[in-house]
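Subject: The structure I promised you

Hi,

Here is the structure I wanted to pass on to you. Have a look at it, and then read on for what turned up.

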Amino acid sequence: MRFLITGARGFIGSFVVNEALARGHEVIEVMRAAGACREEHPGRHTITCDLTGEVSFDFGKTGRPDVAIHLAAAMSGTAEQQYEVTVGGTGKFLDELERSGIRKLIGISSIAVVDYAALPAGTIIDEAVSVSLNFDEMANYAKFKAMQEASFLRFAEKSGNCVTIIRPGLVYNEGTLMAAYAGVFKGALRMLVLHDGYVPVVEARGLARAIVDAAEKPLGKIEVIHVVDDNLPTQQQYIKELRSRHIIPEHVISVHWKILASIDKILWFFAKTLGLKAALPDFVLPHGFAARFKPFRFSNRKAKTLLGWSPGRSFFS
């Protein structure tokens, strides 16, 4: 098969490209600008295209791809910059897929889009739970990923098109692990927010296998698949690993999530009343707080049954 991959030079994208090439597929990488050449491979090709500008693909040298894997999204920057890349860029990319006759899309979203604030603590998070539409209560990344998913679904509605939306958990590997689910660590504020739930992690190579599995298989017109590891760590095990990697300090303030939730509700009420919502940090926003610090359980059953996927490496190995 021939894959068209955006975000191919990113953290997740590099693993997806390697997995696709290892399985004998051709890869066309969409690059924002011409960059340094990577290891030569007869199955690797590049197209230079900035998705925030004019988007047009010429497949004359490679042939039209069989499937597009859309990984490109903005993780940082101003709200306007993130919207331009994650939402605006996705819209332009999908329009060009339609023009080019590429009908199969694997859209990489995030488990962050789920409506955690509306769910009771301890809920099992799977594909049946709703996506949050309360954009005022969401951090920019989650909000724009939810909007991006809506674009994927609109693409799927068109005749002949099919979309698989992959929602990974927190992606890690030997050298990368984020502290997002442990607490708040900004400037002088260093605080663990403790709960008795699990952390939805997924190892990068395992995620890449799931993405390529989805690209290879003939799936339904619209599928949504959550991808997290087996044997997920509790938050305490996750914090222990963060400390072993020296990502968070040993001695910090600790607060139970229910106590901070009560404080956040008060802050949120006054911020709305005074028109100061835009000034709030992400963890004070109702969705942002619940997504990071409310205890939940997580399922990967659909990924395993529909894709025949196995996570592989364990968080504890």
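First, a word on the element names: helices (H or I, at least four residues) and strands (E, at least two) are DSSP runs, numbered from the N terminus. This is a predicted model, so to speak of local features a pLDDT of at least 70 is needed, side-chain atom pairs count only at pLDDT 80 or more, and totals for chains, interfaces and linings use all residues. Residues are numbered from 1 along each chain as its sequence is written, and side-chain values use heavy atoms, with hydrogens and water left out.

**Two loop residues to start with**

H246 sits in the loop between α5 and β13 (253-256). Its phi is near 60°, which is a positive value in a residue other than glycine. With 72% relative accessibility, H246 counts as exposed (buried means under 20% relative accessible area, exposed over 50%, partly exposed in between, with a 1.4 Å probe and protein chains only).

N231 lies in the loop between β12 and α5 (235-244). Phi of N231 is near 50°, again positive in a residue other than glycine, and at 55% relative accessibility N231 counts as exposed.

**Helix pairs**

Two packed helices are described by the angle between their axes and the distance between the axes. The axes here are lines fitted to C-alpha atoms, for helices over the stretch in contact, and angles run from 0 to 180 degrees between N-to-C directions.

Take helix α1 (residues 11-22) and helix α4 (residues 204-216): their axes come within 8 Å and cross at roughly 60°. That makes α1 oblique to α4 (under 35 degrees counts as roughly parallel, over 145 as roughly antiparallel, 65 to 115 as roughly perpendicular and the rest as oblique). α1 passes α4 in a right-handed crossing; a crossing is right-handed if the near helix is turned clockwise from the far one by less than a right angle, and left-handed if anticlockwise. On the α1 side the contact (heavy atoms within 4.5 Å) is made by F11, I12, F15, V16, E19 and A20, and these meet A204, R205, L207, A208, R209, I211 and V212 in α4. The residues of this contact divide into ten nonpolar, no polar and three charged. For those classes, Ala, Val, Leu, Ile, Met, Phe, Trp, Tyr, Cys and Pro count as nonpolar, Asp, Glu, Lys and Arg as charged, and the others, Gly among them, as polar.

Next, α2 and helix α3 (residues 140-157) pack at an angle of about 10°, with their axes 10 Å apart. The two are therefore roughly parallel to each other, and α2 passes α3 in a right-handed crossing. Among the residues in this contact are Q82, Y83 and V87 of α2 and N140, Y141 and F144 of α3. By class there are ten nonpolar, six polar and two charged residues.

Leaving aside neighbours within four places in sequence, Q82 is in contact with A74, M75, S76, G77, V87, N140, Y141 and F144.

What about helix α6 (residues 257-274) and helix α7 (residues 286-293): at what angle do their axes cross? The answer is roughly 170°, with the axes coming within 10 Å. That makes α6 roughly antiparallel to α7. W257, L260, A261, D264 and W268 of α6 make this contact with P286, F289 and F293 of α7.

In the loop between α6 and α7 you will find P281, which is partly exposed, with a relative accessible area of 31%. P281 and A139 are 142 residues apart in sequence and 8.4 Å apart in space, C-alpha to C-alpha.

**The cores**

A nonpolar core is a set of buried Ala, Val, Leu, Ile, Met, Phe, Trp, Tyr and Cys residues joined through side-chain atoms within 4.5 Å. The largest one has 31 residues, and I5, I69, I106, I166, I211 and V227 have the most contacts inside it. Elements that each supply at least two residues of this core include β1 (2-6), α1, β5 (104-108) and α4. α4 gives the most, with eight residues. A second, separate core of 26 residues includes V228, Y238, I239 and I248.

Enjoy exploring!
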